[in-house]
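My notes are below the display.

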Amino acid sequence: EEAAHGGIIITASHNPKQWNALKLLNSKGEFISEKDGEAVLAIANDEEYTYAELNSLGVVTKGDTYFKKHIDK
């Protein structure tokens, strides 16, 4: 387990461009609910956010075991 608060899947494929997307996940790795999606859109539309300082963005962890972890689950 990664103990992540959420995640984003960036999609692009052979499908038409309108099907490319950012898919938002909750802390369980599930797609967010309609209610949570509406809350995210409200924050974006109302510009109720601030940008983090560059040195406060966190860390990137690169792993090559995720396919195996997924299959083992």
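**Model.** I am working from a predicted model, in which local features need pLDDT of at least 70, side-chain atom pairs count only at pLDDT 80 or more, and totals for chains, interfaces and linings use all residues. Residues are numbered from 1 along each chain as its sequence is written, and side-chain values use heavy atoms, with hydrogens and water left out.

**Surface.** I looked up isoleucine 10 and found it in strand E1, residues 7–11 (strands are DSSP runs of at least two E residues, helices of at least four H or I, numbered from the N terminus). Isoleucine 10 has a relative accessible area of 70%, so I noted it as exposed (over 50%; buried is under 20%, partly exposed in between, with a 1.4 Å probe and protein chains only).

**Largest pocket.** I noted a volume of about 860 Å³ for the largest pocket. Its lining has 19 residues, and those closest to the centre are Glu2, Leu25, Lys28, Gly29 and Tyr66. A pocket here is an open set of points on a 1 Å grid where a 1.4 Å probe fits, with protein on both sides within 12 Å along at least five of seven lines; lining residues have an atom within 4 Å of a point. The volume is the space filled by probe spheres set on the points, which are joined across faces, edges and corners. Strand E1 and helix H2 (66–72) each give the lining at least two residues.

**Second largest pocket.** I recorded about 160 Å³ for this one. Glu2, Ala4, Gly6, Thr61 and Tyr66 line the second largest pocket.
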